[in-house]
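Biologist: I'm new to reading protein models. Could you walk me through a few features, one at a time?

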Amino acid sequence: MTLARRLPDATVWAVDVNERARALCTANAAAHGLSNVEVREPDDLDPTLRFELIWSNPPIRIGRSALDTLLSRWLDRLSPDGTAILVVNRNLGADSLTRRLEARGWPCTRVGSRQGYRLLEVRARG
């Protein structure tokens, strides 16, 4: 809701596999009068859609392989100048995730750290 309010001319795509999370997001957007929020399941998005900005608290606990697959799916959808901001707990592997992303061609920088969480800025590949 914060992104939608701060960027009223942008379309904010709220994507989640969880039906309840999507329903709550839809209700919150309506309650705040935000008409620029589109709530979808991951497979319901046009595969040609590209993003200038992705904000995510990725599901680290799904396992390294599944996480890498999930992140590849979305980071590959960044526009050429696009950026992703990932919120990752330091104790759940934020630093090793940074190294893995960089090894796979996504420039990744820690842009903040507070209370055990890291903010990672990931740029589009090449």
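Biologist: Let's start with cysteine 25: is it buried or exposed?

Modeller: Cysteine 25 has 15% relative accessibility, so it counts as buried. Buried means under 20% relative accessible area, exposed over 50%, and partly exposed in between, with a 1.4 Å probe and protein chains only. Cysteine 108 is buried too, at 6%. Keep in mind that this is a predicted model, where local features need pLDDT of at least 70 and side-chain atom pairs count only at pLDDT 80 or more, while totals for chains, interfaces and linings use all residues. Residues are numbered from 1 along each chain as its sequence is written, and side-chain values use heavy atoms, leaving out hydrogens and water.

Biologist: How many disulfides does the structure hold?

Modeller: A disulfide is a covalent bond between the sulfur atoms of two cysteines. Here the count is zero, taking a disulfide as a pair of cysteine sulfur atoms within 2.5 Å.

Biologist: And where is glutamine 115?

Modeller: Glutamine 115 sits in the loop between β5 (108–114) and β6 (117–123); strands (E, at least two residues) and helices (H or I, at least four) are DSSP runs numbered from the N terminus. With 74% relative accessibility, glutamine 115 counts as exposed. Arginine 90 is 25 residues from glutamine 115 in sequence, and their C-alpha atoms are 9.1 Å apart in space.

Biologist: Which residues of α3 meet α4?

Modeller: Arg64, Leu67, Asp68, Leu71 and Leu75 in α3 meet Ser96, Leu97, Arg100 and Leu101 in α4, where contact means heavy atoms within 4.5 Å.
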